[in-house]
Amino acid sequence: MQYPHLRLFGPPELHNGRGVVRLRTRKHLALLVILALEGRARGVLRARLIDLLWPDVSGEAGRHSLSQGLTVIRRALGGAAVARGRERIRLSLSLTTDLDVLDGPGLALDQPLLGLETCAGPAFAHWVDAARERCLKEARVALATALSAARDSGEVGAVRERAALLYRVDPLSDRAALALAEGMLLDGDRVAAIQFLRQHGARTRREVGCEAGPEIRRRLRRIERNLEDEPARPSWGISTAAAADLLIGRDAELARLEALWSCTERAGVVTCLVTGPAGIGKSTLVRRFAESIAARGWPTYVTACQEIGRAIPFAAVSELIYLLARDPAISGADPRWLSEISRVTPGLRARYPGIPDPPETPPESVKIRVAESLDRILAVLADGDRLLLVLDDIQHLDSSSRDILHVLLRRLEATRVMLLGTLRSKHERGLEFGEETAPDLSWRHVVSLGALQADVAMALIAARGSGRRVIDASVRNIIIKLADGNPYLLEMLLADWERDGERSLVGAELEGGGRAIEWNPPETMRRAFARQYEGLSDTAKHVLAVLAVAGKA
């Protein structure tokens, strides 16, 4: 906040950085308020100022009273604060008001110009009423713009703060109500979010005489439906309450995903690919983001592509269809569309026995018909809102599922969808798809995850340490060195140290003298690397053996 500053919300006050500046009378403060709101560009007519503040004083006495008021303002703000012309008075000082710092800290958005209307006659009281409406209108526009900007930049905390300010200024704002309900959902309190949205709808009916906006009603229906169906919803292995603790050092990437999600509000289909080497945190990032979106009441579906499914036609799409079938809203879909997708997911008939048999169709048309049916079903599940689809590990995506998704993305028109995928890049430095999976799905945005910085790795060690063993500086440095910025390896090395101490790889490295050769990895780490090693060619295994003898990573 720059000084001098004029407070407009609540009782008006002038601040100079050291405290409140007391002007001689309340009329002098009212004169400053008029000049601040109307007298910056062209100035205010002297006659208008006199009529507003000294209506019962004769002409010469009124001019004298105005001159005294301007002198008091100059003493408080400096001789150049007010420029006097023959007919107009202009405020030439760079004075800030609450309207200039609406998203600043400590701003209480009480009623504007509180108590100021009583310091002059009826004409000034009418001016105060109009000025209040002007202040509230400018505040609504500025806060709504700031809220949209925070959404576009992915600043979740700023969205909540600005929504709270906007709701104080405009208690009928659907945009602010939705953002506040999202905050309650992120805190895990769905009951409070439902009660808040119901109260907002009742207030709108009471004060405006109409229903709340369609987005409020859609979001309320989905939250209520999810609450009723809570035991059947997939958890993806991450609890919402603990989700914030699972992500360290990826704030910029998470903010990028939030910004792309906000683009779906107006851009329709948005596709984003998260890339990086194995263990770098791709799945953790996208699942943390998916939990956040699901917690806010938006339809969210996460599908993991399995390595074994790469050779199975329709494996990934079939898994996605099973997830869609768990959503109670799918009961609103036309049975013909369910019939079409049952071609690739026969188990769907066990859940919905009334699905009719799909009509005969040439084999080459199956993918197109399934894609068209998925388009219709996603539109029903979205219910006019947005939805998130996540495909984890698309390097294992089967070709049939890729073809269906390719057609689906080109058919989606009315549905606002974000498709988020993760792909293991071949090298740690730079992006290499290695196959046609990513380009085929027309990924418009790419978020590449790199190695963690040393300070972030330190924070991760502090967060993951169980306290079973003391982790001093030397141990932390060895763990960071061996992990080389990979969070998966870092956690493995940390768990190994806490379990085996001196017999761990970190302990062997600390002792030196070739002891690291005798180290045995934890079983989980051994199996993870064995699984990757067994899939290599004989030539690649020979190269690894040479590198191991040479001591190269």
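This is a predicted model: local features need pLDDT of at least 70, side-chain atom pairs count only at pLDDT 80 or more; totals for chains, interfaces and linings use all residues.
**A colleague's note on the model**

1. Of the elements, α6 contributes the most, with 4 residues.

2. Now step back to the whole chain. The protein chain has 553 residues, and 47% of them count as buried. Its secondary structure comprises 23 helices and 12 strands. Of the contacts with a separation of 6 or more, 70% are between residues 24 or more positions apart. The chain exposes about 27000 Å², with carbon and sulfur atoms supplying 51% of that area.

3. Is β8 mostly covered or mostly open? It is mostly covered, with 7 of its 7 residues buried. Val270, Cys272, Val274 and Gly276 point one way from the strand, while Thr271, Leu273 and Thr275 point the other way. Residues on both sides are buried.

4. Which strands pair with β8? One is β11 (residues 416–424), which runs parallel to β8 and pairs with it over 7 bridges. Within this pairing, cysteine 272 has leucine 420 of β11 as its bridge partner. Another is β12 (residues 445–448), also paired with β8 in the parallel sense, over 4 bridges. There, valine 274 has valine 447 of β12 as its bridge partner.

5. Leucine 113 has a phi near 55 degrees, a positive value in a residue other than glycine. You will find leucine 113 in the loop between β7 (96–97) and α4 (122–152). Is leucine 113 buried or exposed? Leucine 113 counts as buried because its relative accessibility is 0%.

6. The other is phenylalanine 314, which is not a glycine either and has a positive phi of about 65 degrees. Phenylalanine 314 sits in the loop between β9 (300–304) and α12 (315–326). At 18% relative accessibility, phenylalanine 314 counts as buried, because the cut-off for buried is under 20%.

7. Last, take a look at glycine 384, in the loop between α15 (366–382) and β10 (386–392). With a relative accessible area of 46%, glycine 384 is partly exposed. Which residues does glycine 384 touch, not counting those up to four places away in sequence? They are Arg218, Ala379 and Arg416. The C-alpha atom of glycine 384 is also separated by 7.0 Å from that of threonine 415, a residue 31 residues apart from it along the chain.

Key. Residues are numbered from 1 along each chain as its sequence is written. Side-chain values use heavy atoms; hydrogens and water are left out. Helices (H or I, at least four residues) and strands (E, at least two) are DSSP runs, numbered from the N terminus. Buried means under 20% relative accessible area, exposed over 50%, partly exposed in between (1.4 Å probe, protein chains only). Contact means heavy atoms within 4.5 Å. Accessible areas come from the Shrake-Rupley method with a 1.4 Å probe; for residues, only the protein chains shown count as cover. Two strands pair if DSSP finds at least two bridges between them.
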